[in-house]
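Visitor: Hi! Could you walk me through this model, starting with a helix?
Guide: Happy to, here it is.

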Amino acid sequence: MTVSSDFLAYVLEQLAGLAGVSSRRMFGGVGLYCEELFFGLIDNDTLYLRVNDDNRADYTARGMSPFRPYADRPELSMSYYEAPADVLEDAAQLVSWARRSVALAVSAGKRPARAAPPMGGRPRGRPKAPAPRARK
């Protein structure tokens, strides 16, 4: 994973229309954030944006590849796809695609509340913790 400073500067310049964008070096690559929401990454001077079932077809229809962090394990991929070159080169279009990825990051952060334990006070199958011993 390598990212040249020139490519990083170019991507950040193209994303200037998206308020609150920042980058952080990580594991040899760069993470892209919008108001602390992780929405994209750069690896080997390639921009990848967050996807889910709602926007994955936009990428696959253009023949874009998913981010695969391990060369020796190509079956493993993440929910990030390579941004098309024409999108990367058009700042307004890139900002639009990035906004969709940010929206996905927002919705991924909204996890459903944990289910309440069954009646009786504690979940089944878990042993009750022993009472603390009195000190002498």
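Visitor: What kind of model is it, and how are things counted?
Guide: It is a predicted model: local features need pLDDT of at least 70, side-chain atom pairs count only at pLDDT 80 or more, and totals for chains, interfaces and linings use all residues. Residues are numbered from 1 along each chain as its sequence is written, and side-chain values use heavy atoms, leaving out hydrogens and water.

Visitor: Back to α4. Which residues are buried there?
Guide: L94, V95, W97, A98, S101, V102, L104 and A105. Buried means under 20% relative accessible area, exposed over 50%, and partly exposed in between, with a 1.4 Å probe and protein chains only.

Visitor: And what do the buried residues of α4 pack against?
Guide: Their partners are α1 (5-14), β2 (29-34), β3 (37-43), β4 (46-50), α2 (56-60) and α3 (85-89). Contact here means heavy atoms within 4.5 Å.

Visitor: Switching to the sheet: what is the strand order?
Guide: It is an open sheet of 5 strands, β1-β2-β3-β4-β5, with antiparallel pairing. Two strands pair if DSSP finds at least two bridges between them. At the edges stand β1 (21-26) and β5 (80-82), each with a single partner strand, so one side of each has no neighbour in the sheet.

Visitor: How many bridges join β3 and β4?
Guide: They pair over 4 bridges in the antiparallel sense.

Visitor: Now aromatics. How many pairs are there?
Guide: The structure holds 5 aromatic pairs. Rings of Phe, Tyr and Trp (its six-membered ring) pair if their centres lie within 6.5 Å; planes under 30 degrees apart count as stacked, over 60 as edge-to-face and the rest as tilted. One of them is Y33 with F38: the centres are 5.2 Å apart and the planes at 55°, so this pair is tilted.

Visitor: What about Y59 and W97?
Guide: That pair is edge-to-face, at 4.9 Å centre to centre and 80° between the planes. It links distant parts of the chain, with Y59 in helix α2 and W97 in helix α4, 38 residues apart.

Visitor: Is Y59 buried or exposed?
Guide: Y59 counts as buried, at 1% relative accessibility.

Terms used
Helices (H or I, at least four residues) and strands (E, at least two) are DSSP runs, numbered from the N terminus.
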